[in-house]
Amino acid sequence: MSKLNPHAAVFIPGAATHQLATGKATSTEPGKSMQLTQHLEVLPFPMAAVPEKGGLVMMSNSTSHADCIKRRVLGDKLEALAMVGSCRQGCYVFLYNNDEKKLHGVFRAATEGGLLLDPVAWPDGKGSSRLPSQIKFDVEMHATPLCANELWMLTWRGGQFDRVLTAEQVRALRAAFKQKTPYMDVTLHELPPAIMLPTRS
């Protein structure tokens, strides 16, 4: 069986980063020298627990974003369960659309993060979900999303940001969203009205 070069980046779905990089790994199987080209996820930040009064950025793309909003659930790969599970009820959560490069919010966890809170979301064809580490959320405010160049308050490294947020970063994000106009997301309003939570000071 081919083994990846230990010096290459390792692909770990659901890690605390949002950018993919293309890397190459060399087969170490005797008699073979072929190059294996894979999409490898660079991991500049460890998957850490969400701190008290902190928050978490969950990821989506053009395929999964509408389901996140419609079902009011955010999902990640199984490998992210420890990070997602550390998100407590009331924790601030945000949704970054990696295709649009925009951050949506402001949302709050309606439950603790856990496994398969909505088991039929993002079906994998095998009776489970492709994104089983999940957080259900309520809407504190849904403002016009922030573009990537407005996310100065996040911890950036090499064009990537840490998805686990400090209390200070949460406050800065909420302040930035308050400067935006209400976001009329058609998908959000197809369902009964969201639970609009009172904002925290």
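What share of the contacts in the chain with a separation of 6 or more comes from residues 24 or more positions apart? Such residues account for 73% of them, where contact means heavy atoms within 4.5 Å.

## Model and conventions

This is a predicted model, in which local features need pLDDT of at least 70 and side-chain atom pairs count only at pLDDT 80 or more, while totals for chains, interfaces and linings use all residues. Residues are numbered from 1 along each chain as its sequence is written, and side-chain values use heavy atoms, with hydrogens and water left out.

## Chain overview

The chain contains three helices and twelve strands. Helices (H or I, at least four residues) and strands (E, at least two) are DSSP runs, numbered from the N terminus.

Of the 201 residues, 47% count as buried, that is, under 20% relative accessible area with a 1.4 Å probe, protein chains only. The accessible surface comes to about 10600 Å², computed by the Shrake-Rupley method with a 1.4 Å probe. Carbon and sulfur atoms hold 57% of that surface.

Strand 8 covers residues 133–139 and is largely enclosed by the rest of the structure, because six of its seven residues are buried.

Strand pairing here requires at least two DSSP bridges between the two strands. Strand 4 (residues 73–76) pairs with strand 8 in the antiparallel sense over four bridges; Val-73 has Lys-136 of strand 8 as its bridge partner. Strand 6 (residues 102–109) is also antiparallel to strand 8, over three bridges, and Phe-107 is bridged to Val-139 of strand 8. Strand 7 (residues 114–115) runs antiparallel to strand 8 and is joined to it by two bridges, with Leu-115 opposite Ser-133 of strand 8.

## Nonpolar cores

A nonpolar core is a set of buried Ala, Val, Leu, Ile, Met, Phe, Trp, Tyr and Cys residues joined through side-chain atoms within 4.5 Å. The largest one has 23 residues, and Leu-56, Val-93 and Ile-135 have the most contacts inside it. Two or more residues each come from strand 3 (55–60), helix 1 (65–71), strand 4, helix 2 (81–85), strand 5 (92–97), strand 6 and strand 8. Strand 8 contributes the most, with three residues.

Beyond its neighbours within four places in sequence, Leu-56 is in contact with residues including Val-50, Met-83, Val-84, Val-93, Phe-94, Ile-135 and Leu-165. A second, separate core has 20 residues, among them Met-59, Met-153, Phe-161 and Ala-176.

Methods. Buried < 20%, exposed > 50% of the residue type's maximum accessible area, 1.4 Å probe, protein only.
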